[in-house]
Amino acid sequence: MAIPGARIVQEYPDRMRAMLRAVGETSITAGLILMLFCAYLLWGTGAYTQRQQLLLQRELAADRAAQERLRTVRPGQALAVLRIPRLGHDYEYAIVEGVGSTHLKRGPGHYPDSAMPGQTGNFVLSGHRTTYAAPFNEIDELERDDEIVVEAREARYTYRVTSQDIVRPDEVDVLAPVPGKPGIRPVRAFITLTTCHPEYSAAERLIVYGVLKETEPRSE
Amino acid sequence: MYAWLWRKLPGSPRTRVLTALVLVAAAVAVLWCVVFPLFEPVVTLDEVTVQK
């Protein structure tokens with residue numbers, strides 16, 4: 001016999017068949033589980049975010065009713081509501097304070113060291129692109145002068161988009177008070193959105209820059 | 001493995017099909033609600049922050 005193992009096949013055909021069947025069945029099962037896992041990543045995680053968004057929105061609504069202003073923000077607290085009309089009139093996410101994985105699962109997160117909404121400096125937000133309701137999935141479609149509205153407890157801030165960029169994941173200069181120019185003192189209020197790029201990858205980051213256009217204090 | 005399971009299931013083919021469906025649903029539920037959430041943090045296909 002030239003082929004090793006052929007003797008075993010001849011002598012134990014049933015055992016061989018059973019073994020091959022087990023391998024085949026295991027592979028098919030593993031494949032189905034992987035497909036299910038992909039479905040979970042894309043859609044299952046979104047259900048969690050939706051529930052958390054309701055909680056955050058409720059927190060904001062309660063504070064608004066009580067005319068509560070924020071003095072100190074704790075990680076995990078609802079910061080403001082984000083609206084981007086270009087991405088749909090119903091595009092609305094509650095921004096959570098913090099960019100840890102637990103925070104970003106709940107919605108777009110605010111870098112704690114960056115400026116607060118409307119403040120001079122850089123108001124930086126990160127959001128998921130493909131999982132957890134994917135709030136920043138379509139921010140690559142934003143064009144110059146598109147509006148980014150941030151409704152904080154004290155006022156509504158409208159930013160306008162200025163540009164987009166794709167950077168390496170460690171390019172922390174985009175977080176600087178003047179985005180891309182660390183060490184320079186800001187005189188304007190900027191907004192910076194970050195998410196992953198390309199979609200389904202952690203290779204790069206997509207960055208959208210904007211600048212404050214209008215502030216409307218809450219009149220209630 | 002599946003043939004063995006099928007032989008182990010009691011009752012008529014009809015009840016076997018129903019039991020099998022319930023078992024599949026249970027397996028999917030355990031994966032979806034328990035196993036996948038545990039494994040999700042390991043998969044980094046959606047890293048969104050910029051950091052050193």
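**Exercise 1. Contact range and fold of chain A**

What percentage of the contacts in chain A with a separation of 6 or more is accounted for by residues 24 or more positions apart? Describe the secondary structure and overall dimensions of chain A as well.

*Solution.* The structure is a predicted model.

Step 1. In chain A, 57% of the contacts with a separation of 6 or more are between residues 24 or more positions apart.

Step 2. Chain A contains 3 helices and 8 strands, and their order along the sequence is α-α-β-β-α-β-β-β-β-β-β.

Step 3. The radius of gyration of chain A is 24 Å, whereas a compact globule of 220 residues would have one near 17 Å. The C-alpha trace of chain A spans about 90 × 40 × 30 Å along its principal axes.

Step 4. Of the 220 residues in chain A, 32% are buried.

Step 5. Two domains are assigned in chain A: domain 1 covers 6-39 and domain 2 covers 47-217. Taken over C-alpha atoms, the centres of these two domains of chain A are separated by 49 Å.

**Exercise 2. Chain B and the predictor's confidence**

How many helices and strands does chain B have, and which ipTM and pTM does the predictor give the complex?

*Solution.* Step 1. Chain B has 2 helices and 0 strands.

Step 1. The principal axes of its C-alpha trace give a span of about 60 × 20 × 15 Å.

Step 2. Buried residues amount to 10% of the 52 residues in chain B.

Step 3. The mean pLDDT of chain B is 90, with 100% of its residues at 70 or more. For the complex, the ipTM is 0.89 and the pTM is 0.87.

**Exercise 3. The contact between the chains**

*Solution.* Step 1. Chain A contributes 32 residues to the contact and chain B contributes 18 residues.

Step 1. On the side of chain A that touches chain B, at least two residues each come from helix 2 (13-65), helix 3 (101-104) and strand 7 (189-197).

Step 2. Helix 2 of chain A gives the most to this side, with 9 residues.

Step 3. Sorted by class, the side of chain A that touches chain B holds 16 nonpolar, 11 polar and 5 charged residues.

**Exercise 4. The largest nonpolar core and Asn122(A)**

Which residues have the most contacts inside the largest nonpolar core? Is Asn122(A) buried or exposed?

*Solution.* Step 1. The largest nonpolar core comprises 41 residues, and those with the most contacts inside it are Ala80(A), Leu82(A), Ala94(A), Ile95(A) and Val150(A).

Step 1. Elements of chain A that each supply at least two residues of this core include helix 2, strand 1 (78-83), strand 2 (92-97), strand 5 (147-151) and strand 8 (204-217).

Step 2. Leaving aside residues up to four places away in sequence, Ala80(A) touches Ile95(A), Pro117(A), Val150(A), Glu151(A) and Ala152(A).

Step 3. Asn122(A) lies in strand 4 (residues 121-126) of chain A. Asn122(A) counts as buried because it has 23 C-beta neighbours inside 10 Å, the cut-off for burial being 20 or more.

Step 4. Beyond residues up to four places away in sequence, Asn122(A) touches several others, among them Ser114(A), Leu175(A), Pro186(A) and Phe190(A). Asn122(A) and Leu175(A) are 53 residues apart along the chain, yet 6.9 Å separates their C-alpha atoms.

**Exercise 5. Backbone features in the loops**

Where is Tyr132(A) found, and is Asp145(A) buried or exposed? Which residues are joined by a cis peptide bond?

*Solution.* Step 1. Tyr132(A) is found in the loop between strand 4 and strand 5 of chain A. Its phi is positive, about 50°, although Tyr132(A) is not a glycine.

Step 1. Asp145(A) is also placed in the loop between strand 4 and strand 5 of chain A. Asp145(A), likewise not a glycine, has a positive phi of about 75°.

Step 2. Tyr132(A) has 25 other C-beta atoms within 10 Å and is therefore buried. Asp145(A) has 11 C-beta neighbours inside 10 Å, so it counts as exposed, the cut-off for exposure being 12 or fewer.

Step 3. His197(A) and Pro198(A) are joined by a cis peptide bond with an omega of about -10°. Pro198(A) belongs to the loop between strand 7 and strand 8 of chain A.

Key. Residues are numbered from 1 along each chain as its sequence is written. Chains are lettered from A and ligands numbered from 1 in the order in which they are written. This is a predicted model: local features need pLDDT of at least 70, side-chain atom pairs count only at pLDDT 80 or more; totals for chains, interfaces and linings use all residues. Helices (H or I, at least four residues) and strands (E, at least two) are DSSP runs, numbered from the N terminus. The radius of gyration is taken over C-alpha atoms; the globule rule is 2.2 Å times the number of residues to the power 0.38. Two residues are in contact if their C-beta atoms, placed from the backbone, lie within 7 Å. pLDDT is the predictor's confidence in each residue, from 0 to 100. Domain bounds come from an automatic or database domain assignment. Ala, Val, Leu, Ile, Met, Phe, Trp, Tyr, Cys and Pro count as nonpolar, Asp, Glu, Lys and Arg as charged, and the others, Gly among them, as polar. A nonpolar core is a set of buried Ala, Val, Leu, Ile, Met, Phe, Trp, Tyr and Cys residues joined through C-beta atoms within 7 Å.
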